[in-house]
Amino acid sequence: MFGDYSIGDLGSIFVMQGFAGLILFSVYVLMALGLAIIFGQMGVINMAHGEFMILGAYVTWMTSNLFQAYLPSLFSGYFFLAMILAFLASGALGMLVEWVLIRHLYKRPLDTLLATWGLSLMLQQAYRSVFGAREVGVELPQWMLGSLHVTDSIEVPINGVFVMCLTVLITISVAYVLYMSRWGRQVRAVVQNRIMAGAVGINTEKVDRYTYGLGCGIAGVAGSAFTMIGSTGPTSGQLYIVDTFLVVVFGGAASLLGTIASAFSISQTQSTLEFFMSGSMAKVLTLLAVVGILMLRPQGLFALKVRK
Amino acid sequence: MGMAAVPAITMLPRASFAQAPATSAVNTTGLAVTDTEVTVGILHSATGTMAISETGSIQAEKLAIEQINAAGGVLGRKIKFIQEDGASDWPTFAEKAKKLLVNDKVAAIMGCWTSASRKAVLPVVEQYNGMLYYPTFYEGLEQSKNVIYTGQEATQQILAGLNWIAKEKGAKSFFFIGSDYIWPRTSNKIARKHVENVLKGKVVGEEYYALGSTQFNSVINKIKLTKPDVIFTDVVGGSNVAFYKQLKAAGVDLAKQPLLTISVTEDEIDGIGGENIAGAYACMKYFQSLDNANNKAFVSAFKKMWGEKTVIGDVTQAAYLGPWLWKLTVEKAGSFDVDKIAAASPGVEFKGAPEGYVRIHENHHLWSKTRVGRAKLDGQFELIYETADLVEPDPFPKGYQ
């Protein structure tokens, strides 16, 4: 297939394809981080993850409308405020859901699957009733559109670069919070042994609520960022849920590093295969490879070593 | 049947519709027809994934029914509708269709959107002898006594558009990209045959992405590498939004790179955003911006009923045709009986169609014009080209299979 193309063409395509892979990697990490915290740290199978993302997207849409109507001069910067609001909205909803629903189910992790699936259906219908069944178009400030011209034939999408920077920032913050801060130590203590953690004076209920809120909040930020690359509608969250679980499970549920490694390997495999064959086939082969590896290594790529 | 007619006859003296023919004469098969009312069903997804698309169809059908009632109804009877929700789930569609036909005895069903839902409903309407008016442009390869297809089938929609772009842009090489299911694959198969055999051009790539896929950077790179004269797309649903946003972000300028889509109507642009798709060409039979008296009246009535901000896409207009064509056919047949309607359908013409003029073909599809529009920043299409004559529907195209 390369016979007809010049070396220069091919070179720039490989560079751009490399970027495509990195962007996909960032997207995967961003959408999986929230779930990695909730599923990985708390063992809650959160089927409503996609809907928390879409809440973030709707918050972004509303913020953009508000700015257009009342503060058009500041429109170019609205996106940063929108992401913060998305984090707060999804996080608050997450904490509410934890209080109403999830906290009664910690001893029955499989039931969380059913409960959160029901929650996802309710949220979808709520979005449909509030925002209408049709997709909404989120208008972006001019500087976020288009691409950077690196050379004549190499162009890098700005929204991709934006997602990459955001992913790096959020990953570092999450890693810091979980592994360096006092609160992060409490979270990990609760994960390892809930009863002992309670016995040494950690308020496990509070830790659970904030952990769940943090996971949902990050989902909200991801949803906000994805308004740049995807659609915003009541059921758009469903588009992400399969890939998200794939990344988290493949990486090894309780490991942040595993999530990143798995996002990297899945995204690179997929984007490379996509270039050499059709999109559907690339997806099939990627999934087959993941299934094969999980059969050999059911605990995922990285597993937390604990004494059983 | 005779039993059903008895109460109707006893009611006759009370009926004030002097001109309306007797119920026993126009309804010999026990449909839900009284002296003053006739019941039809509306069967679309008001919930679930497809609600995005089907909402417009529901609105259009309700508008048409309201207008028909305001103009005196059908054979002197007001149309009453029963709306059922297919919930984006194909078995549910079949079940609800059966409920409408068996329990409610509706005289016709306006409904379905995806081919999958139509395929699920088809055996039901054939078994219980119902009448389905189906609004979506679709892949063809189907024809039924019990279905009137008010949208275009694939050859009607595609061929004229390809001819136009080949002539206008001198296009020789085409890159196809679609969602991975029956409609894009069949449409692209027809398009490929036409490009290769009739236009003597070349298809330099044909790609499919799973429904709901949101990552198109790799295929956009392939498009950049192969530099096709035309990108031909039938990506649907949420993927559509992702595709155009990423195309724009990758620096593909649709003003310089011709792109012909058969899956983007005004409805979709709402979600995609006008700035992401401006300059693309769409091949359809209807655009909201069409400049004719029928359409102006239709658009203003639609907006009055459903709000200033609503947009009207190709399928919405086709859904609007359903109740009208049914009314005209009933009047031509002088009966609500399904068999008589099926037989009377060919030749029925609707001069008040927003798209201009349509006529039902022997094969139960519509003769209609095919048009090419260019997407503008405000989310509307500017009409660039329309076929001089009505295009004949050809659901089983020879040489394209």
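This is a predicted model: local features need pLDDT of at least 70, side-chain atom pairs count only at pLDDT 80 or more; totals for chains, interfaces and linings use all residues.
## Working through a two-chain model

Residues are numbered from 1 along each chain as its sequence is written, and chains are lettered from A and ligands numbered from 1 in the order in which they are written.

**Exercise 1. Place Leu10(A) in chain A.**

Step 1: look for its element. Leu10(A) belongs to helix H1, residues 7-42 of chain A (helices are DSSP runs of H or I with at least four residues, strands runs of E with at least two, numbered from the N terminus).

Step 2: Val150(A) lies 140 residues away along the chain, and the C-alpha atoms of Leu10(A) and Val150(A) are 15 Å apart.

**Exercise 2. Describe the overall build of chain A.**

Step 1: count the elements. Chain A has 11 helices and two strands. Read from the N terminus, they go α-α-α-α-β-β-α-α-α-α-α-α-α.

Step 2: check the size. Along the principal axes, its C-alpha atoms fill a box of roughly 70 × 55 × 35 Å.

Step 3: look inside. Of the 308 residues, 51% count as buried. Among contacts in chain A with a separation of 6 or more, 76% are between residues 24 or more positions apart (a contact means C-beta atoms, placed from the backbone, within 7 Å).

**Exercise 3. Now do that for chain B.**

Step 1: chain B comes to 14 helices and 15 strands. Its radius of gyration is 22 Å, close to the 21 Å from the globule rule for 401 residues, so chain B is as compact as a globular protein of that length.

Step 2: the C-alpha trace of chain B spans about 75 × 40 × 40 Å along its principal axes. Here 56% of the 401 residues are buried.

**Exercise 4. Trace the five-stranded open sheet of chain B.**

Step 1: write down the order. It is E2-E1-E3-E4-E5 in chain B, with parallel pairing (strands pair if DSSP finds at least two bridges between them).

Step 2: find the edges. Strand E2 (78-85) and strand E5 (147-149) of chain B each pair on one side only.

Step 3: zoom in on one pair. Strand E4 (residues 132-134) of chain B pairs with E5(B) over three bridges in the parallel sense. Within E5(B), Ile148(B) is the residue opposite Tyr133(B).

**Exercise 5. Find what chain A brings to its contact with chain B.**

Step 1: 39 residues of chain A touch 35 residues of chain B.

Step 2: several elements of chain A give two or more residues to this side, including H1, helix H4 (109-131) and helix H5 (158-179). H1(A) gives the largest share, seven residues.

Step 3: sort by class. This side of chain A has 15 nonpolar, 16 polar and eight charged residues (Ala, Val, Leu, Ile, Met, Phe, Trp, Tyr, Cys and Pro count as nonpolar, Asp, Glu, Lys and Arg as charged, and the others, Gly among them, as polar).

Key
The radius of gyration is taken over C-alpha atoms; the globule rule is 2.2 Å times the number of residues to the power 0.38. A residue is buried if 20 or more other C-beta atoms lie within 10 Å of its own, exposed if 12 or fewer, and partly exposed in between; C-beta atoms are placed from the backbone. Two residues are in contact if their C-beta atoms, placed from the backbone, lie within 7 Å.
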